[in-house]
Protein chains: 2
Amino acid sequence: MVVKIYKFKGFLEGMKGILVILDGLGDLPCKQLKGKTPLEAAKTSTMDKLAQMGITGQQHTIGRGITPGSDTAHLALFGYNPYEVYTGRGPYEASGTDLPVKPGDIAFRTNMATIKDGIIVDRRAGRISKGTEEIEKALQNITIEDVETIFKVGIDHRAALVLRGPGLASEVTGNDPKVEGKRPKSIISTSPEAEKTARILKQYIRQASEIMETLKINEKRISEDKLPANYLLVRGAGKAPHVESFQSKYGLTAECVAGGGLYKGVASICGMKINNDHQGTGGIPTDLPSKVRAAIKSLERSQFVFLHVKGTDNLGHDNKPIQKMEFIDEIDIAIEPFLDLIPETLICITGDHSTPCMMRDHSSDPLPILMTGEGVRPDQVTEFGERPTMRGGLGHIDGQQVIPIMLGLIGRVHKFGA
Amino acid sequence: MVVKIYKFKGFLEGMKGILVILDGLGDLPCKQLKGKTPLEAAKTSTMDKLAQMGITGQQHTIGRGITPGSDTAHLALFGYNPYEVYTGRGPYEASGTDLPVKPGDIAFRTNMATIKDGIIVDRRAGRISKGTEEIEKALQNITIEDVETIFKVGIDHRAALVLRGPGLASEVTGNDPKVEGKRPKSIISTSPEAEKTARILKQYIRQASEIMETLKINEKRISEDKLPANYLLVRGAGKAPHVESFQSKYGLTAECVAGGGLYKGVASICGMKINNDHQGTGGIPTDLPSKVRAAIKSLERSQFVFLHVKGTDNLGHDNKPIQKMEFIDEIDIAIEPFLDLIPETLICITGDHSTPCMMRDHSSDPLPILMTGEGVRPDQVTEFGERPTMRGGLGHIDGQQVIPIMLGLIGRVHKFGA
């Protein structure tokens, strides 16, 4: 069934959309906040204004009772079915390091680590941060059997590895023991189709380690009493999917403003342009105002902007409700300029999943969501929070419905029938 | 999956249902109405009483973020999956002109038009309104290859064309240039399966035009300085689907009271009986009280009645919020007799899609819906409108759920399991 997307003439003409994802935003009532959630306790005059002018609700990113990962959550929020396009985190991380991943590639998240006498003594090679380009260079042009390998370093000890060639599959376990003082885990194929992949991966890691041992950077690190980066720990194997581009799917040019590699990676695989012209870190501390300025700049050039803020999630994982509240205070101040974009721009704010402080991890609790702009029927909710939005006019929606609803509200219509 | 339909003994025994569809009912806040929607601003004491006694909610006809056409919307509201039974508008329009469409037929919406020197000078043949029976008669019994053609005139310049035979498909473009002063468009098959259909359609149009040129009605029109009806413009090709009848699907005899051909057509293809014993026009002005009387009459004979009112949609397309509000005032007065049917009859009022005045077209915004009758749990909503029903007890439902919910509320139960 082909649905025609067209734009209204006149009303809503030229409207654009911005989707703000506050990572791990959702939370549970916290004792330290007198029974409020960090979002409910935070000073959120901007978000409350947007809620008051807009329509709100509860957003279940992947579905009711499902706890999303950050990667699958963002795929769903961009309108893709994560059960179809996701096999592992590798391709999204790799894509976020600017490694040009192609459909069919098997990609891995990789750590540069320190191994001694067969034992991993540091999973992050002493948090190596400089000179890793030498490693990247030394590991180029390694071909094993008929499989090409591509290795790209990211920030600090992080890197991405891609295997490209015929007969590969993603059903292989990684070698990361997750704790120090242990041997690397054996790489095992969990399906017969992945046997070749496991064999090549093992040989690659052996070969890479031999090369890394000989590098000048490690000679220098050892002389400075630092741990050498002489081993690769891989995990998160995934096959890069065929993904219809955001522009082709929705007819909108799109840009991404994010700090974290994973988010840039997902956006990039979905065909969004990455705007790196800001000082956001993908962590805390970060420069929120510079990200908001970048998002506004992106919005001048493109029709759709995805703005990602990571810190809320980190503070949930660390069980720091007061700091999470204070970080939301900061976000609220930083996004105040968005009020000037109303009503010509549809602003949507939500999260990718809840990360309740008490849980120190993701949960399946839904996220509050708001949409504000010209074409919206405002509801009676006047405060942005987990509980106030339970009475919102959007009701309960799935993550994959967010973009279609936004499209309708900016007058870019999927009309089915006549 | 077989579900058994049975009736309760006693409570709800013999309850009937009426589904009132106000076309294009949903709207957005309008400046001319001080930020209210036409429905919210209208004087709706009947609908408000029904809302107060009943249960309300938000209805997404085809799904979240999807903008329905009128044809697909009504299929969904009758409980059919439009993605399965809809290939184009033709069969529904044809069926609405009393042309007995059979599954597999390829049907087209057709205009009688005026062509001169290969140019369409009037798409409606001077809005021809009389004497078209001669054209209908002259175009009978045309067989091309092994394909039978059936041509039936409707109101004014409107007609329907059906091709019936082996090897036909609906993937053909129409020849309507949509504007005057241009040549008819070429008829093209957009799939290999439809090549035969395109070939036959082209030949039919040529042959029909030659016949039409010779008719007395056109001789007369020319002598009166009127434009002759000497050409057929076809569009909306669709293959008539196999549709399980409403009665077989739900175990209820059903009647339709509507003015517009399309709505009668959809109802007819779904096996409803058409009650034409009223003065409704399918437009404005119309005779609403006569339609309401007809619906009450239908309800005496049948267990389920579908009442359609079109004008709300027209006024949305024309961006006339005040007139839309006033027309809703009129509807509210006209349906007052329905209050006497409570509680023995379940009354459901909703729309097929929103047609916000500001948009002058359909949108994906949900519709308010109410259901009132004996077996209902009333919620706290006391006013029928886009925003009051956001807090309704039905929550957010899909169009395809409307009839199943109504069936449950009149005690005709789809029991699954034992």
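Me: Happy to look at this predicted model with you! Leaving aside neighbours within four places in sequence, which residues is Lys36(A) in contact with?
Reply: Let's start from where Lys36(A) sits, which is the loop between β2 (16-22) and α1 (38-41) of chain A. With neighbours within four places in sequence left out, Lys36(A) is in contact with Pro29(A), Cys30(A) and Ala41(A).

Me: Is Lys36(A) buried, exposed or partly exposed?
Reply: Counting C-beta neighbours inside 10 Å gives 18 for Lys36(A). A buried residue would need 20 or more, and an exposed one 12 or fewer. Lys36(A) therefore counts as partly exposed.

Me: How many Å apart in space are Lys36(A) and Arg183(A), C-alpha to C-alpha?
Reply: In sequence, Lys36(A) and Arg183(A) are 147 residues apart. In space, C-alpha to C-alpha, the separation is 45 Å.

Me: Now to the cores: which residues does Ile18(A) touch, not counting residues up to four places away in sequence?
Reply: Ile18(A) is among the residues with the most contacts inside the largest nonpolar core, which has 121 residues. Setting aside residues up to four places away in sequence, Ile18(A) touches Ala295(A), Leu299(A), Val305(A), Leu307(A), Thr345(A), Ile347(A) and Cys348(A).

Me: Let's turn to where the chains meet. Which element supplies the largest share of the side of chain B that touches chain A?
Reply: The contact takes 23 residues from chain A and 32 residues from chain B. On the side of chain B, β4 (67-68), α3 (70-77), α4 (82-85) and β16 (395-398) each supply at least two residues. The largest share, 4 residues, comes from α3(B).

Me: How do the residues of that side of chain B divide into nonpolar, polar and charged?
Reply: Here we stay with the side of chain B that touches chain A. Its residues divide into 12 nonpolar, 12 polar and 8 charged.

Me: Which residue of β4(B) does Phe416(A) stand opposite?
Reply: Strand β16 (residues 412-416) of chain A is joined to β4(B) by 2 bridges, and the two run parallel. Along this pair, Lys415(A) stands opposite Thr67(B). Phe416(A) stands opposite Pro68(B).

Me: Why is β16(A) largely enclosed by the rest of the structure, and how many of its residues are buried?
Reply: Arg412(A), His414(A) and Phe416(A) point one way from β16(A), while Val413(A) and Lys415(A) point the other way, and all are buried. The strand is largely enclosed because the buried residues of β16(A) number 5 of the 5.

Technical notes
Residues numbered from 1 in each chain as written. Chains lettered and ligands numbered in written order. Predicted model: local features only at pLDDT ≥ 70, side-chain atom pairs only at ≥ 80, totals over all residues. Contact = placed C-beta atoms within 7 Å. Nonpolar A, V, L, I, M, F, W, Y, C, P; charged D, E, K, R; others polar. Pairing = 2+ DSSP bridges. Core = buried A, V, L, I, M, F, W, Y, C linked by C-beta atoms within 7 Å.
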